[in-house]
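Hi,

Here's the structure I promised to pass along.

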Amino acid sequence: MSTLASQADLALRQLEGAGLMRRPCTVSGAQGPELSIDARRVVCLCSNNYLGLANHPSISAAAAHALLTAGVGAAASRHVCGTMDFHKKAEERLSRFLGAQAALLFSTGYAANLGVLQALAGPQDIVLSDALNHASIIDGCRLSRAKVLVFDHADPDHLASLLHTHRSSAERAVIVTEALFSMDGDIAPLSHLAELRSRYEAALVVDEAHSLGVMGPRGTGLCASHGVQPDVLVGTLGKAFGAAGAFAAGPNSIVQLIENRARSYIFSTAPPPSIAAAAAAATDLVEAADEGRARLTSHAARLRSALSGAGFRVPAGESAIIPILVGEPRSVMRFSADLMERGVFVHGFRPPSVPAETSRLRITPMATHDPFHVEHCIQAFQSLAPRYARSTSSPTHALAVCLPK
Ligand SMILES: *Cc1c(COP(=O)(O)O)cnc(C)c1O
């Protein structure tokens, strides 16, 4: 065995020993409210396909039309081989949806966060980042080479004190947060953050990966419902929109600067035209999905109350993200396996996706679940309550440590 192969082997055995090995299951067919896994039908209670659009026929048709007329590939970066009209149309549609001046497509949300933060901050700047921000934001902070100041989760007072101490030494200050936190399902104090943005002449970047399409008027997100205009809104198109990719939206000048500076945009092949077409079609559906959003909210409320009734510690809240903290990686994977045996698929999240000691199930219903799906899931949890309910706890943000070493 080569040196690297034997090192890899050792690293894998260590992951296995710590209960941190990842082995995704194989899903046959489409992503929907039920999935076929290992020739069994199970209820999917862990996808970000909140509105069930991932296999919606009109989005598939829009993608198929683009595929048949414009082909599969975008050939190069748009700076090299040009913007295809499908990209332009999707960006116009997304800008109109949000009432933003401009939007710029990225191939993934991960690439969008890398690109936006690296484009807007440099070594002479500071980036102020919530302690529970997504890995892609953390990596964007690092790529920017700005001084990164991590503020306590959803704590505007701590943010204010960091700005007070460090603002004058930096050319630019960029505050970055998720709107709806992906692993905890709680909401950032957006109005407070916007206030501090103005007071300290900072910029505000908000990642609406899990709120866009799901929350706010017509699904326009939490900034819209809080009356906050971020300098850049990052939205993803692979979650509630059921497609793939992401975008950064904001004023013309900022979006054009990102287009000229973001390395993950410049040095990467543009998204396929079929995906851009899918994103535009998805925006029409998302905008009109009030009924789906209401169904999602009601499923989430039913799950929260039934699970807490069964003895699980479930945080209060209104979002469709419901975490059940178990703590230990191996216990959470056992819990997940026991649910799967009962026909319910809930993925277990372990470090580095979540801070150490906070491994958890992250439950997310879908608008396309029928009530019987939800009741089936509740029964599975109830039957496992004697085994697991006592060991679960509410998210304790005090435990949260953000930047992995
Ligand atoms: C999923 C996610 C991303 C990354 O988006 P992809 O399109 O899946 O790469 C970025 N930010 C947050 C908060 C996310 O949850």
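The lining of the second largest pocket draws at least two residues from each of α4 (85-98), α9 (222-226), β9 (232-236) and β10 (246-250). Bear in mind that this is a predicted model. The volume of that second largest pocket comes out at about 300 Å³. It is lined by 17 residues, and those closest to its centre are L98, G99, A100, Q229 and P230. Sorted by class, the lining has 11 nonpolar residues, five polar ones and one charged.

Now for the ligand. What surrounds it? A shell of 14 residues, with G109, Y110, D207, H210 and K239 the closest. By class, the shell has nine polar, three charged and two nonpolar residues. Helix α5 (residues 109-120) contributes the most to this shell, namely three residues.

- D207 has a polar side-chain atom 2.6 Å from a nitrogen atom of the ligand.
- H210 places a polar side-chain atom 2.5 Å from an oxygen atom of the ligand.

As for how covered the ligand is, on its own it would expose 380 Å², and the protein buries 81% of that.

That's what I have so far.

Cheers

How values were computed:
Residues numbered from 1 in each chain as written. Predicted model: local features only at pLDDT ≥ 70, side-chain atom pairs only at ≥ 80, totals over all residues. Heavy atoms only, no water. Near = heavy atom within 4 Å. Polar contact = N/O pair within 3.5 Å; in protein donor to acceptor, adjacent residues only side chain to side chain. Areas by Shrake-Rupley, 256 points an atom, 1.4 Å probe, with all protein chains shown as cover. Helix = DSSP H or I, 4+ residues; strand = E, 2+ residues; numbered from the N terminus. Nonpolar A, V, L, I, M, F, W, Y, C, P; charged D, E, K, R; others polar. 1 Å grid on protein atoms, 1.4 Å probe; cavity = no way out; pocket = protein on both sides within 12 Å on 5 of 7 lines; lining within 4 Å. Points joined across faces, edges and corners; volume = space filled by probe spheres on them.
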